[in-house]
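The following exercises are to be worked with the sequence and the coordinates at hand. Each task is followed by a solution in steps.

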Amino acid sequence: MTASVDDVRSRSNIADPTLADEGALAIEWARRHSVILDTFVRDRLGDGSVEGRRIALVVHLEAKTAFLATVLADAGAEVVVAGSNPHTTRDEIAAALVDRGIEVHSTRLSGYEAWEKHLLHVADRGPEYVIDDGAELTMRLAAHRPELFAALRGVSEQTTTGVARLRSLAEAGRLPFPAMAANDARCKHLFDNRYGTGQSTIQAILNLTNLLMPGKRVAIIGYGWVGRGLATYIRAMGGTPIVVEVDPVRALEAYMDGHEVAALADALPDADMVITATGGLRALGRSHFPLLRPGAILANAGHHDLEIDVEALAAAAHEQDEVRPGITRYRLDGEHEVLVLAGGALVNIAGGLGHPIEIMDLSFAVQALSCHALMTGEYRPGVHVLEPHVDDAIARARLAIDGIELDEISKEQRDTIDPWIV
Ligand SMILES: NC(=O)c1ccc[n+]([C@@H]2O[C@H](COP(=O)([O-])OP(=O)(O)OC[C@H]3O[C@@H](n4cnc5c(N)ncnc54)[C@H](O)[C@@H]3O)[C@@H](O)[C@H]2O)c1
């Protein structure tokens, strides 16, 4: 059953429908550079398996996500969309989707309470499949809509944090359906977490502050895929990364990669900027603020808005003000002040343009094909990873776009044992 645009309009919650034309232009720009989604993924979804399926798409709502929504809708799915974070929705994009007949529940500036309500509106549409980010919809379905949660046929999850949440549910015996850890596909975390977050985070920090990278010392908390990417781009632009890790092997890796490595208490007094990338809570908390260099710039690249404990910072400050769009100054003792970018939300998305389009083209190819695998394959309840041959096919499709073809390994090359040994 296809709903009319008027039905969709009346059911949706968006800020301003008059922004639709502006949003449509941005989605078209995303389409032009999302070649994998627009060709290879469209072909695979064209097998009829998506036809009539109810899919909830809960990812940061901007142009690239919107293009994925249109690809799913074009394949015949009934798509309902919400943003995965209250600070990152683009109202013009939400308006454009509604104009195309796709239901949306998301607004940029209405705060956490409205965001929670919007997610529950999406839940109440009774999706069969969820394409999630941070497991934000899945966890709310589990907590607030247990019958709808039990009726889910599958979830595909985009982030490190969300996969950790799904694995906790599975370990507790509370995951009654199969979930695909899209984040764990090689075509996702090797490129999105590393190059996508690396480039877009540094780009957002420099744009928000209008400052220069050469000469800056930048503490990176967490040296996972995101931390590695941040360090690469900081160094490439002339800055010096100082890595803070709790995992000794990853700390050693950072050291072998040629970066400075230090404990947090040693890194902070020496850092002009601090970027959190742990996926956990309060990586930078109350006890750390006095250690910061006066004028230090703090930004978060991890999933939670709570990696920097902004609430504790506000409580410790005798004054706070907006010194520039997206930059809040907190005055601590005397002249000591620190600056927080994008309110502590993901700086590359809340304070910037998000990942480059070509990176999200790869990530969303993984998400779409993970969802497709859940629809067409037989998976037991639990957390699964996309089969390697699908990952390989996505990588091949990406290389082919740039005219790159690969060799096949020959039988002789594949033999690993010298013939005279056997
Ligand atoms: N901003 C974005 O667009 C974006 C994109 C991809 C992933 N993410 C998010 O970024 C976060 C990190 O992702 P990842 O793939 O690098 O994860 P990861 O698990 O590979 O790496 C996280 C690292 O942080 C370390 N760590 C955890 N707590 C720490 C602490 N208190 N101090 C120091 N180190 C600590 C861990 O040991 C680990 O090495 C996740 O929340 C993920 O969802 C954000």
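## Exercise 1: Overall architecture

Task: Determine what share of the residues of the protein counts as buried, and describe the overall dimensions of the protein.

Solution. Of the 422 residues in the protein, 51% count as buried. The model is a predicted one. Its secondary structure amounts to 18 helices and 15 strands. The radius of gyration is 22 Å, close to the 22 Å given by the globule rule for 422 residues, so the protein is as compact as a globular protein of that length. Along the principal axes, the C-alpha atoms fill a box of roughly 75 × 65 × 45 Å. Turning to the contacts between residues at least 6 apart in sequence, 73% of them join residues at least 24 apart.

## Exercise 2: Domains and their contact

Task: State the bounds of domain 1 and domain 2, and characterise the side of domain 1 that touches domain 2.

Solution. The domain assignment places residues 5–188 and 356–401 in domain 1, and residues 194–350 in domain 2. The C-alpha centres of domain 1 and domain 2 are 29 Å apart. Ten residues of domain 1 and 13 residues of domain 2 take part in the contact. On the side of domain 1 that touches domain 2, two residues are nonpolar, eight are polar and none is charged.

## Exercise 3: The nonpolar cores

Task: Identify which members of the largest nonpolar core touch the most other members, and which helix gives the most to this core.

Solution. The largest nonpolar core has 80 residues, of which Leu57, Leu72, Ala365 and Ala368 touch the most other members. Helix α16, residues 357–376, gives the most to this core, with twelve residues. Ala368 may then be examined in detail: beyond its neighbours within four places in sequence, Ala368 is in contact with Leu37, Val41, Leu45, Leu68, Val71 and Leu72. Another core, of 49 residues, lies apart from the largest one and includes Leu208, Val226, Leu230 and Leu313.

## Exercise 4: Surroundings of helix α5

Task: Is helix α5 mostly covered or mostly uncovered, and which elements do its buried residues pack against?

Solution. Helix α5 spans residues 91–99 and is mostly covered, with eight of its nine residues buried. These buried residues are Asp91, Glu92, Ile93, Ala94, Ala95, Ala96, Leu97 and Val98. They pack against the helices α1 (5–11), α2 (20–32) and α4 (63–74), and against the strands β2 (78–82) and β3 (103–104). Just after α5, Gly101 adopts a positive phi of about 90°.

## Exercise 5: Ala316 and Gln320

Task: Determine which residues Ala316 touches and which are in contact with Gln320, leaving aside neighbours within four places in sequence.

Solution. Ala316 is part of helix α14, residues 310–316. Ala316 touches Arg286, Phe289 and Leu332. The C-alpha atoms of Ala316 and Tyr330 are 8.6 Å apart, with a sequence separation of 14 residues. Gln320 lies in strand β12, residues 319–324. Its contacts are Ala314, Thr328, Arg329 and Tyr330. Gln320 has 15 other C-beta atoms within 10 Å and is therefore partly exposed.

Key
Residues are numbered from 1 along each chain as its sequence is written. This is a predicted model: local features need pLDDT of at least 70, side-chain atom pairs count only at pLDDT 80 or more; totals for chains, interfaces and linings use all residues. A residue is buried if 20 or more other C-beta atoms lie within 10 Å of its own, exposed if 12 or fewer, and partly exposed in between; C-beta atoms are placed from the backbone. Helices (H or I, at least four residues) and strands (E, at least two) are DSSP runs, numbered from the N terminus. Two residues are in contact if their C-beta atoms, placed from the backbone, lie within 7 Å. Domain bounds come from an automatic or database domain assignment. Ala, Val, Leu, Ile, Met, Phe, Trp, Tyr, Cys and Pro count as nonpolar, Asp, Glu, Lys and Arg as charged, and the others, Gly among them, as polar. A nonpolar core is a set of buried Ala, Val, Leu, Ile, Met, Phe, Trp, Tyr and Cys residues joined through C-beta atoms within 7 Å. The radius of gyration is taken over C-alpha atoms; the globule rule is 2.2 Å times the number of residues to the power 0.38.
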